[in-house]
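Here is a short briefing for a reader who is new to this structure. Look over the sequence and the model before reading on.

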Amino acid sequence: MLSWTCNFRLCQTFYMPGQFEVMIERNFSSAHQLRGYKGKCENLHGHNYRLEIYARGHELDNIGLLVDFVDLKAAADEVVLYLDHRNINELPPFDELQPSAENLAKYVLERVAARVGDERVQIYKVRCFETPTSVATYQLD
């Protein structure tokens, strides 16, 4: 039989406040040029982008999932399909908005959140890698 101390620790561990997080990765290749930039990135050039898309929440659904990976991947794939093998500067909203990695991260977060997020699950962070060593992150508080 467990002692009161063990039972207390067990309960403390089981009921500790926390949150769950899941992440998926997606890749795409696109061209862009940075308007107003002084340097070689003002010229049209391409990247093999990698996205990390994060969801979080405090409670799981009735079958023990934060979010179905199938749904999260489908929402991300819709955005990737729009951007892949395109000149991002020609695509709304980037025909007016600077197509920086920072703005791409925010754009992806907003689009995926519109399809997947709800009162229980929040798409809260996107990391957009232009290269393996250069990454921009957009994160909600």
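**A serine contact, then the fold**

The side chain of S30 comes within 2.4 Å of the backbone oxygen of L83. This is a predicted model. The chain holds 3 helices and 4 strands. Read from the N terminus, its elements follow the order α-β-β-α-α-β-β.

**Around S30**

- S30 sits in strand β1.
- Its relative accessibility is 6%, so S30 counts as buried, the cut-off being under 20%.
- Setting aside neighbours within four places in sequence, S30 is in contact with H45, G46, H47, Y49, L83, D84, H85, R86 and I88.

**The sheet**

- The 4 strands make an open sheet, ordered β1-β2-β3-β4, with antiparallel pairing.
- β1 (20–32) and β4 (134–139) are the edge strands; each has a single partner strand, so one side of each has no neighbour in the sheet.
- On average, neighbouring strands of this sheet are turned by 20° against each other, direction ignored.
- Strands of a sheet pair through backbone hydrogen bonds, in parallel or antiparallel fashion.
- Strand β3 (residues 122–131) is joined to β4 by 6 bridges, and the two run antiparallel.
- T131 has S134, in β4, as its bridge partner.

**Helices on the sheet**

- Helix α2 (residues 69–83) lies across β1, β2 (45–57) and β3.
- The direction of α2 is at about 15° to β1.
- Helix α3 (residues 101–116) also packs on the sheet, where it touches β2, β3 and β4.
- The direction of α3 makes about 145° with that of β3.

**The nonpolar core**

- The largest nonpolar core contains 31 residues.
- L51, I53, L72, L83, V108, V112 and I123 have the most contacts inside this core.
- β1, β2, α2, α3 and β3 are the elements that each give two or more residues to the core.
- α3 supplies the largest share, with 8 residues.
- In soluble globular proteins, nonpolar side chains tend to be buried together.
- Which residues does L72 contact, leaving aside its neighbours within four places in sequence? They are V22, I24, I53, V67, V112, V116 and I123.

**The chain as a whole**

- The chain has 141 residues, and buried residues make up 35% of them.
- Among contacts with a separation of 6 or more, 66% are between residues 24 or more positions apart.
- The accessible surface comes to about 9,000 Å².
- Carbon and sulfur atoms account for 53% of that surface.

Note on methods. Residues are numbered from 1 along each chain as its sequence is written. This is a predicted model: local features need pLDDT of at least 70, side-chain atom pairs count only at pLDDT 80 or more; totals for chains, interfaces and linings use all residues. Side-chain values use heavy atoms; hydrogens and water are left out. Two strands pair if DSSP finds at least two bridges between them. Axes are lines fitted to C-alpha atoms, for helices over the stretch in contact, and angles run from 0 to 180 degrees between N-to-C directions. Contact means heavy atoms within 4.5 Å. A nonpolar core is a set of buried Ala, Val, Leu, Ile, Met, Phe, Trp, Tyr and Cys residues joined through side-chain atoms within 4.5 Å. Buried means under 20% relative accessible area, exposed over 50%, partly exposed in between (1.4 Å probe, protein chains only). A polar contact is a pair of N or O atoms within 3.5 Å; within protein, one must be able to donate a hydrogen and the other to accept it, and residues adjacent in sequence count only if both atoms are side-chain atoms. Accessible areas come from the Shrake-Rupley method with a 1.4 Å probe; for residues, only the protein chains shown count as cover.
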